[in-house]
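Good morning, and thank you for coming.

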Amino acid sequence: MEVDARRRVPPHTDSATRHDSTDPVRPVEAFEPPYYVAVFTTLRTRNQTDYGKTNARLEELVKDIPGYLGMDHAQTPGGLGITVGYFRDTDALTQWRNDAEHRAAQERGRAEWYRSYTLHVAKVERSSGFTLVDADGSPA
């Protein structure tokens, strides 16, 4: 299945990573199960030197992983960040986990960018979606 892995709204708002995109903001679509999700939840430190640049680079890298389906981001005003990556199979997840630049960013994250984080990986067995449409059939 060929998937358009568009850049999602990033979980950060510093000027180095602000994206002025004309792409509509929308969640990653529901896919035919099974597939896998990696849910990365963070609390960041005050030191965010190069975080935005690194995050943008990783978002570009992951798109080249066969089996990568997309990514959603959310950030609460209180600082809780959630990134959900969608992958067709465990091979895609393993390739991403073992990517050298991703590994280096993980080390830097533990040393500088994160006060805490959790990672949950799960197999999706059911998936559905909904989009409100106007009378002419276009998304509302």
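In which type of crossing, left-handed or right-handed, does H1 pass H3? The crossing of H1 with H3 is left-handed, a term used where the near helix is turned anticlockwise from the far one by less than a right angle, clockwise being right-handed.

This is a predicted model, in which local features need pLDDT of at least 70 and side-chain atom pairs count only at pLDDT 80 or more, while totals for chains, interfaces and linings use all residues. Residues are numbered from 1 along each chain as its sequence is written, and side-chain values use heavy atoms, with hydrogens and water left out.

Helices (H or I, at least four residues) and strands (E, at least two) are DSSP runs, numbered from the N terminus. The axes of H1 (residues 51–62) and H3 (residues 100–113) come within 11 Å and cross at roughly 155 degrees. H1 is therefore roughly antiparallel to H3, the term for angles over 145 degrees. Axes are lines fitted to C-alpha atoms, for helices over the stretch in contact, and angles run from 0 to 180 degrees between N-to-C directions.

Tyr51, Thr54, Arg57, Leu58 and Leu61 of H1 meet Glu101, His102, Ala105, Arg108 and Trp113 of H3, contact being heavy atoms within 4.5 Å.

I turn now to the pocket. The lining of the largest pocket has 26 residues, and Phe40, Trp96, His102, Gln106 and Leu119 lie nearest its centre. A pocket is an open set of points on a 1 Å grid over the protein atoms alone, where a 1.4 Å probe fits, with protein on both sides within 12 Å along at least five of seven lines; lining residues have an atom within 4 Å of a point. H3 gives the most to this lining, with six residues.

Technical notes: Parallel < 35°, antiparallel > 145°, perpendicular 65-115°, else oblique.
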